[in-house]
Amino acid sequence: MTDTLELELAITRAGITKRDISKILEISEACLYNKINNRSEFKASEIEKLKKVLSLSEKERNKIFFNSK
């Protein structure tokens, strides 16, 4: 389960828009919204792209995308 709040904070810190992220991941903005809000899951390849784009450490990536709440 994705930690929505932590992901939103990481996006803000990176200074990138969700529109840009959707283009990088090659998905629609609606699809990204659903993934951020746990209506669907991020693919492993999308998580790795986001790790790079948002400059996440392994610990941050795990906290955001492998949260067991």
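**View 1. Phe66 and its contacts in the predicted model.** Phe66 sits in the segment after α5. Leaving aside neighbours within four places in sequence, Phe66 is in contact with Met1, Ile47 and Arg61. Contact means heavy atoms within 4.5 Å. Helices (H or I, at least four residues) and strands (E, at least two) are DSSP runs, numbered from the N terminus. The model is predicted: local features need pLDDT of at least 70, side-chain atom pairs count only at pLDDT 80 or more, and totals for chains, interfaces and linings use all residues. Residues are numbered from 1 along each chain as its sequence is written, and side-chain values use heavy atoms, with hydrogens and water left out.

**View 2. Arg61, a buried residue of helix α5.** Arg61 is found in α5. Its relative accessibility is 14%, so Arg61 counts as buried. Buried means under 20% relative accessible area, exposed over 50%, and partly exposed in between (1.4 Å probe, protein chains only). The side chain of Arg61 makes a polar contact with the side chain of Asn62 at 2.8 Å. A polar contact is a pair of N or O atoms within 3.5 Å; within protein, one must be able to donate a hydrogen and the other to accept it, and residues adjacent in sequence count only if both atoms are side-chain atoms. Beyond neighbours within four places in sequence, Arg61 is in contact with Ile47, Glu48, Lys51, Leu56 and Phe66.

**View 3. The buried side of α5.** Helix α5 spans residues 58-65, and Arg61, Ile64 and Phe65 are buried in it. These residues cover an arc of only 75° around the axis, which puts them on the same side of α5. The arc is that of the directions from the helix axis to the C-beta atoms. The buried residues of α5 pack against α1 (4-14) and α4 (44-53).

**View 4. Packing of α1 and α5.** The two helices, α1 and α5, pack at an angle of about 135°, with axes 9 Å apart. α1 and α5 are therefore oblique to each other. From α1, the contact uses Glu6, Leu7, Ala10 and Arg13; from α5, Glu60, Lys63, Ile64 and Phe65. Axes are lines fitted to C-alpha atoms, for helices over the stretch in contact, and angles run from 0 to 180 degrees between N-to-C directions. Angles under 35 degrees count as roughly parallel, over 145 as roughly antiparallel, 65 to 115 as roughly perpendicular and the rest as oblique.

**View 5. The largest nonpolar core.** This core has 16 residues; Leu7, Ile21, Phe42, Leu54 and Phe65 have the most contacts inside it. Two or more residues each come from α1, α2 (18-25), α3 (29-36), α4 and α5. The largest share, 3 residues, comes from α1. A nonpolar core is a set of buried Ala, Val, Leu, Ile, Met, Phe, Trp, Tyr and Cys residues joined through side-chain atoms within 4.5 Å. Leaving aside neighbours within four places in sequence, the contacts of Phe42 include Leu7, Leu25, Leu32 and Phe65.

**View 6. Ser22 in helix α2.** Ser22 is found in α2. At 3% relative accessibility, Ser22 counts as buried. The side chain of Ser22 reaches the backbone oxygen of Arg19 at 2.7 Å.
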